[in-house]
Amino acid sequence: MRRAARHEARSLLGAGSLLPALAVLTPLVAGTSAAALLLIGGLLHVADPLGPLPGSLIAAGWTLALVAAVTGLVTLAAVLHTALRRRGVPPAADQVEHARLVWRQELLDRGMLPHLRRHLGPHPGTAITPCSPPDTLTPCPARAREDRTPCSD
């Protein structure tokens, strides 16, 4: 069940390729770089230095802002396309959670309860079931005089 869920997630997201990483990182890095270049270029332009450096920084900042906007829109379109394609398919996480709950119930029924029945020994009128209230457990013989705590070992 887990392998099927992982395989489905990989096939949908393109895991193992650089495309998802680039789709996320490119707009972020380009936007941050654009902001930094525009800020530095603007501050240098206000300081009025000689040379083409402030104009070049501002031009590079606007170019990176355009790259960030275009890659952000492409990424948003890809996410919307994936969401529309997956609209009618139930998520695999529900199946994994159901399998986990079934496994836990089987572990209780086939593992823990037989172990507890074997170690507690035969006690007439006392049955350990998943729904037994805690007061139906027999106290530990070693602690019977000290307190009435049910045996847990």
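The following dialogue examines a predicted protein model through questions and answers.

Visitor: On what conventions does this predicted model rest?
Guide: Residues are numbered from 1 along each chain as its sequence is written, and side-chain values use heavy atoms, with hydrogens and water left out. Local features need pLDDT of at least 70, totals for chains, interfaces and linings use all residues, and side-chain atom pairs count only at pLDDT 80 or more.

Visitor: Which pattern does the protein follow along the sequence?
Guide: Helices (H or I, at least four residues) and strands (E, at least two) are DSSP runs, numbered from the N terminus. The protein has 4 helices and 0 strands. Read along the sequence, the pattern is α-α-α-α.

Visitor: What percentage of the residues in the protein is buried?
Guide: Buried denotes under 20% relative accessible area, exposed over 50%, and partly exposed the range in between (1.4 Å probe, protein chains only). Of the 153 residues in the protein, the buried share is 10%.

Visitor: How much of the accessible surface belongs to carbon and sulfur atoms?
Guide: Accessible areas come from the Shrake-Rupley method with a 1.4 Å probe, and for residues only the protein chains shown count as cover. The total for the protein is about 11800 Å², and the carbon and sulfur share is 69%.

Visitor: How far apart are the end C-alpha atoms of helix α2?
Guide: The expected span of a helix is 1.5 Å times one less than its number of residues. Helix α2 covers residues 19-47, so its 29 residues should span 42 Å. The end C-alpha atoms agree with this, being apart by 41 Å.

Visitor: At which residue does α2 bend?
Guide: A bend is the angle between axes fitted to the seven residues ending at a residue and the seven starting there. In α2 the angle is about 30 degrees, and a proline, P27, follows within four residues of the bend, which is at L25.

Visitor: Is L28 buried or exposed?
Guide: L28 lies in helix α2. Together with V24, L25 and V29, L28 makes a nonpolar surface patch of about 380 Å². Such patches are made of residues with over 30% relative accessible area and no salt bridge, with like charges joined within 9 Å and nonpolar side chains (Val, Leu, Ile, Met, Phe, Trp, Tyr) within 5 Å. Because its relative accessibility is 53%, L28 counts as exposed.

Visitor: Which residue forms a salt bridge with R110?
Guide: A salt bridge is a side-chain nitrogen of Lys or Arg within 4 Å of a carboxyl oxygen of Asp or Glu, and the structure holds 2. R110 is exposed at 68% relative accessible area. The closest N and O atoms are 2.8 Å apart, and the partner is E106.

Visitor: What is the N to O distance in the salt bridge of R100 and E97?
Guide: Both residues lie in helix α4 (residues 92-120), 3 residues apart, about one turn of the helix. R100 is partly exposed at 30%, and E97 is partly exposed at 33%. Their side chains meet at an N to O distance of 2.8 Å.
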